[in-house]
Each structure stands twice: as structure tokens, then as C-alpha cells.
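Visitor: I would like to learn how to read a few local features. Please show me the model, then take me through them.

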Amino acid sequence: MSIAQAEALQIKLQASLSKLVGLIGKIQIGTKEQFPYGWGNAAKGRTVWRILEEVIIQNIKKRKIELGISSITPSDSEISVHDFLVHLDDEATPVYVNIKSAVLGGKIQKDDISKGVGLLNFYEQDVNRHFFVGTFFIKFNDDMTIEVDKCIVFPAAWIPDVYINPSNNGNLQSSKYKDLTTATKRTNDEFYEILKSEMEVARKKKRKKVAKKKSKKKLYGKLKN
């Protein structure tokens with residue numbers, strides 16, 4: 001997949017999902033009677049992400065013609081790297097989309113994008129796949145509704161700060177994927193090679209950490225005896 005192809009698809013998908021944002025409206029989560037003290041600690045993106053995902057997918061299904069989408073297929077697995085794939089009007093190849101939620105005005109931090117191993121497998125099946133992260137920015141309203149303010153569509157291959165968490169989950173993480181001005185435009189082949197390299201770096205860090213932990217445990221055992 002060329003950079004020009006990715007740019008063209010990003011523009012079309014961005015237009016479709018931005019239009020969708022304007023059609024969704026408020027999403028009622030509860031009532032003031034049920035939440036007498038407001039959102040409290042629940043005012044986080046991860047609190048409502050599954051509901052938001054369902055709202056997005058169902059509304060694309062219902063409104064696909066006006067969104068410029070010819071078909072949508074939700075993922076049939078909870079562990080796949082994408083949440084749905086769509087065919088945009090006049091585009092032959094499918095576009096894979098991973099939905100993320102973010103609190104409007106929230107702090108910038110490294111977020112999980114997807115499992116590193118899952119992404120490697122995804123691109124190994126077909127390195128030319130079109131894969132985008134669609135981040136929906138939400139507001140938590142006093143009337144116990146959430147409201148989608150905007151959506152940013154980011155090509156996964158353009159993530160500038162590719163980082164694999166060396167802990168057990170081995171996730172690809174990024175703090176830049178919500179801002180297109182930070183994008184590093186590259187092909188899927190280039191991204192795949194970087195991803196493989198970062199996966200190896202993470203494995204080495206993990207092995208070193210495990211070895212250090214075993215060494216400490218062994219030393220503690222000797223001192224105890």
C-alpha cells in the first residue's frame with residue numbers, strides 16, 4: 001500500500017466518520033436519580049467504550065448510504081486487532097478500523113493500540129491491508145449522557161512513536177495517534193519492519209527483567225539460609 005493510497009483512504013474515512021459524529025447525538029447512560037452525585041470516577045473513556053463501539057457500528061449499518069460506505073462487517077472476535085471493516089464507495093479493498101474512545105481535553109499519555117503479536121499476524125496475512133485507528137472524543141454531560149465531539153482517523157502505519165510494552169500484554173502503545181500533525185508517513189512494509197524490531201526490543205527487555213527477578217530471588221534464598 002502506497003502512502004498516496006493511505007492518504008486518500010484517510011480523507012474519505014475521516015469524512016464518513018466525522019459525518020457520523022454529527023448524526024449520533026447524545027447517548028443516555030443513566031439518570032440523575034440513578035447517579036445522585038454525578039459521574040464520579042466513571043468519567044473515563046474505558047467506562048463507556050463498549051457502548052460507544054456498539055452505537056458506532058449500528059449507526060454505520062443504518063446510515064451507510066449517506067456516509068459513503070457500501071458495506072460494514074463487524075469483527076467476529078473480541079481479540080482481533082480491528083472492530084469492523086468497511087468498503088468505502090468506489091473503493092475495492094476493505095478498510096479495517098479499530099475504535100478508540102478518548103475524553104475530550106484529557107491528558108496526553110501512552111495508550112494501548114493493539115496487541116503487538118496480533119498486529120504482526122494481521123500484517124503477515126497481508127501487508128497491504130488498510131488499517132486505521134478511529135478515535136472518538138467524548139464529553140460526559142451533567143444529564144448523565146455522553147456526547148461524541150469529534151473523530152480522528154489515523155493510519156496505524158503512520159504512528160510516529162512505535163513502542164511495544166515489554167510487560168505481559170505486549171501491546172503497541174502510542175501517545176501521538178490522536179494528532180495527525182504528528183504522523184510519520186510510511187508504507188505498511190516500513191511499519192511492519194519497525195514493528196518487528198520493536199517487538200524484539202520488548203522481548204529482550206522482558207527476558208532481562210525475568211532474569212533479574214530470578215537472580216534476586218536466588219540471592220534472597222541464599223541469604224535466608
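Visitor: Leaving aside neighbours within four places in sequence, which residues is Lys64 in contact with?

Guide: Contact means heavy atoms within 4.5 Å. Beyond those neighbours, Lys64 is in contact with Ile69, Ser70 and Ser71. This is a predicted model: local features need pLDDT of at least 70, side-chain atom pairs count only at pLDDT 80 or more, and totals for chains, interfaces and linings use all residues. Residues are numbered from 1 along each chain as its sequence is written, and side-chain values use heavy atoms, with hydrogens and water left out.

Visitor: Where does Lys64 lie?

Guide: Helices are DSSP runs of H or I, at least four residues; strands are runs of E, at least two; both are numbered from the N terminus. Lys64 sits in helix α2, residues 45–67.

Visitor: What should I look for in phi?

Guide: Most residues other than glycine have a negative phi. Asp90 has a positive value, near 70°. Met144 is also positive, with phi near 65°.

Visitor: Where are Asp90 and Met144 found?

Guide: Asp90 is in the loop between β3 (84–88) and β4 (95–103). Met144 is in the loop between β6 (130–140) and β7 (145–155).

Visitor: Is Met144 buried or exposed?

Guide: Buried means under 20% relative accessible area, exposed over 50%, partly exposed in between (1.4 Å probe, protein chains only). Met144 is buried, because its relative accessibility is 1%. Asp90 is exposed, at 79%. Lys64 is partly exposed, at 28%.
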